[in-house]
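Q: Hi! Could you walk me through this one, starting with how you count things?

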Amino acid sequence: MLFNLSLRYKLPLWGTALIVSTTLLLSGSFMAQAWTDLRHDVSRSAVELGRIMAPALFPSLLHDDLWRAYETLSLPFAQSSDSEVAQAENLIVLDRRNQVYVSSHPEKYPVLSEFAVHGADYRQFVSRLDTADLSQVVHWEPPDSSRIMVAIPIAEGGVRLGTLVITYDKAVLWQRFERLIGRALAITALALAIILPASAYWGRRMTEPLVQVSERMGRISQAELETLEPGIYPYRDEVGQLYAAYNEMVRTLLAKQQLETEIVKSERLAAIGRLTAGIAHEINNPLAGLMTAVDTLKQRRDLDPKVMRHLDLIERGLMQIRDTVGALLVQTRVQTRPLSLADLDDIRTLLQAQVAKHRINLIWELELPATVPLPASLLRQILINLLLNAVQAAGDGGEVELDVHVREPMGSSGPPKLAILVRNTGTPLAETLLAHLFEPFASTREGGHGLGLWVTYQIVTQLNGSIAARNADNRVEFNIELPLGDATCNTASH
Amino acid sequence: MSLPYRLRLVVSLFVALFLASSAFASKATDTPVRFAMTPAFLHDQHAMLETWRSYLAERLGRPVEFVQRDRYRETMDLLQQQRVEFAWLCDYPYVALGKEVRLMAVALNNGRPTYRSYLVVPASDQTSMSIADLKGAVFAYADPHSNTGYLVPRFELRNQGVDSELFFRRTFFTWSHRKAVSAVAAGLAQGTAVDSYVWDSLAQVAPELTAKTRIVWKSEEYGFPPIVAHANVSTEDFQAMQRVLLGMQDDETGRAILARLHLDGFIEGSPQLYDSVAAMMKALGEH
């Protein structure tokens, strides 16, 4: 369950757990060490204190100067007990019979009282004293007691006059230890307060893009390709490389998707082209016979005028069929001269009436040599189609732009290309229309037969060029690229 | 000091002439007066003592040295060996020294040249009414030559027909009245007898200490601890010092020092003040 958590939580949690456990481990070992040191300190300071005081107490005992002994014992308590050195709880001088000779706290250990009466611990301690030799320091920490006792003999020149007993209350030890712990905890808390948010931030920083990648990868199967938010992780480590790789992959997939769409579209158009061409041929053959027959019939003088009227009707119908089929059957297999600037002037002249009628602002940008090695008649057809469409689309007071120039190939591969841009300020084309724009009868425009763009597409395709339409900057744009070749080329059609 | 003035002058001139040393020329006024101070009062007020010392030096026109000893026996030795000229003693050493010393001044304590012995027990002891109730106690004496701190309690016990050596379980000396009070306050001793003047002064300067104790019994009045001069001190020096001491209450500095001593002034006093002490000593076979 825990292991299935999102990295978003798992990484910071894991980091936090590591940090906290490390800190606890360190603090724990520090505390254990501190406790040992403290206890060691206590024994050491007890022995030190005893070794200083015992010689000073010897003459007091020798001369039975109880008050001086008391003053000596009181010395360590004169200072305030704030010092870091463990403060002894009691200093007791025992005489040779282990009676209290004097103590620093006579109310607790009165003069001449038996030391052993204070409890079992004391009895055991006294029995240890009896067995200890002259110079031996006795260290006694009774179990289940809050007291530590250290006994230092008061002896000189082989004579022992008594024993100095120093007792410590472990509660004092605990107090000092608690102070240490408090300080350690404060430092730990401070460190955690700094490290934990930093680690949480770092974890989130790290996992947020991973989570995004993961989510988007999951959606790829639903054909939703999204790149990551830019700048989410600007570093070049492995995670950064992963994001870069993901973005690259998404870009590649998008390009592939686009290409596939294009291919499907052009294949569909090609299929339609083949179909229409087949149908046109099939129609053209009988149509020619039919028209010849009608023509022959019309040569006859004895025809009933009523029949004659019907013949005219049939002939007009047949001619309409011929025109439509002719339009469908784009013929590029024609011998023609190369395109010249005069052709473009002609086109402009042809347009003039429409331009004037709709008060179109016509922008005419040409950057061409005197002749361009492309078939003039086909180019004229394309340009007139596109420009008339543009004028119609631009509407009254609109703007139509034509930009024709020769573009040198990118890099060194391929021939130079003729680039044609036709742009108008009309209503943008609908998405659904864009998808089927170059198919026959796709046009929605009233008065058009719906074959203009189809014909244009056929011509461009047969000239090995490309055509694309798009909405850009509140304008509708048609881009055509045609590779330049021999002016008299016979581009193979179907 | 014991040389007649004329001879001293001759000697001085002689030395001055031959050694051409001006330092010796003024020997008479440069010789310090040595004054022993004892625990008869709170003699650990060092700043006050320094003020008093310079006051005396200024009034006498001579340097004054204070010699402090905790034990009366040591002070008595200093006097007997003439290592000090003057001393503030307790009644007992004064009586004991007899003709070796001359009474020079007696302080006025609450307007009278007297004081008492207080029997003091820890404040926690609410039952003891007299020294007789302290049988088997640990008892603190101030000094074996103290009147109020040693003589009086033993005299009291003797009057009750008790041997003080057997009466208490243990006794010890603290060598100062103040420390005797401390011993009782700390619970080290279950009783002590102290100088009423010291206890009353302590009640003002260290009330937290006296608050831990309780006065059970007050003795009759005795002559206040006297200031004495060694018998050999010249009359001029004796009178000069006596004049200065008795005149302390007449000037502001002197009164300020007296206030810090918790005293009203000094009078000449009379040796009869100490007759009752002498009687006690006699009764205990110590005089």
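Q: Good. Where do the coordinates and numbering come from?
A: This is a predicted model, where local features need pLDDT of at least 70 and side-chain atom pairs count only at pLDDT 80 or more, while totals for chains, interfaces and linings use all residues. Residues are numbered from 1 along each chain as its sequence is written, with chains lettered from A and ligands numbered from 1 in the order in which they are written.

Q: How many helices and strands does chain A have?
A: Ten helices and twelve strands. Both are DSSP runs numbered from the N terminus: H or I with at least four residues for helices, E with at least two for strands.

Q: And what share of chain A is buried?
A: Of its 494 residues, 22% are buried. That label needs 20 or more other C-beta atoms within 10 Å of the residue's own, placed from the backbone; 12 or fewer is exposed, and in between is partly exposed.

Q: How is β5(A) placed?
A: Strand β5 (residues 159-169) of chain A has eight of its eleven residues buried, so the rest of the structure largely encloses it.

Q: Which strands pair with it?
A: Strand β4 (residues 147-156) of chain A runs antiparallel to β5(A), joined by ten bridges. Strand β1 (residues 90-94) of chain A is also antiparallel to β5(A), over five bridges. Pairing here requires that DSSP finds at least two bridges between the strands.

Q: Switching topic: what order do the strands of the open five-stranded sheet take?
A: The order is β7-β9-β10-β12-β11 in chain A, with mixed pairing. At the edges stand β7 (361-367) and β11 (466-472), each with a single partner strand, so one side of each has no neighbour in the sheet. The twist averages 10° from one strand to the next, using axes fitted to C-alpha atoms (for helices over the stretch in contact) and angles from 0 to 180 degrees between N-to-C directions.

Q: What makes the pairing mixed?
A: β7(A) and β9(A) are parallel over seven bridges, with L362(A) partnered by V400(A). Strand β9 (residues 399-407) and strand β10 (residues 417-424) of chain A are antiparallel over eight bridges. In that pair, E401(A) stands opposite R423(A), and R407(A) has K417(A) as its bridge partner.

Q: Which helix lies across β11 and β12?
A: Helix α10 (residues 452-462) of chain A lies across β11 and β12 (475-483), at about 130° to β11(A).

Q: Last one: what about α7(A)?
A: Helix α7 (residues 341-357) of chain A has 17 residues, so at 1.5 Å a residue it should span 24 Å, and its end C-alpha atoms are 25 Å apart, which agrees. The expected span is 1.5 Å times one less than the number of residues. Still, α7(A) bends by about 40° at L351(A), the angle between axes fitted to the seven residues ending there and the seven starting there. After α7(A) comes R359(A), with a positive phi near 50°.

Notes: Two residues are in contact if their C-beta atoms, placed from the backbone, lie within 7 Å.
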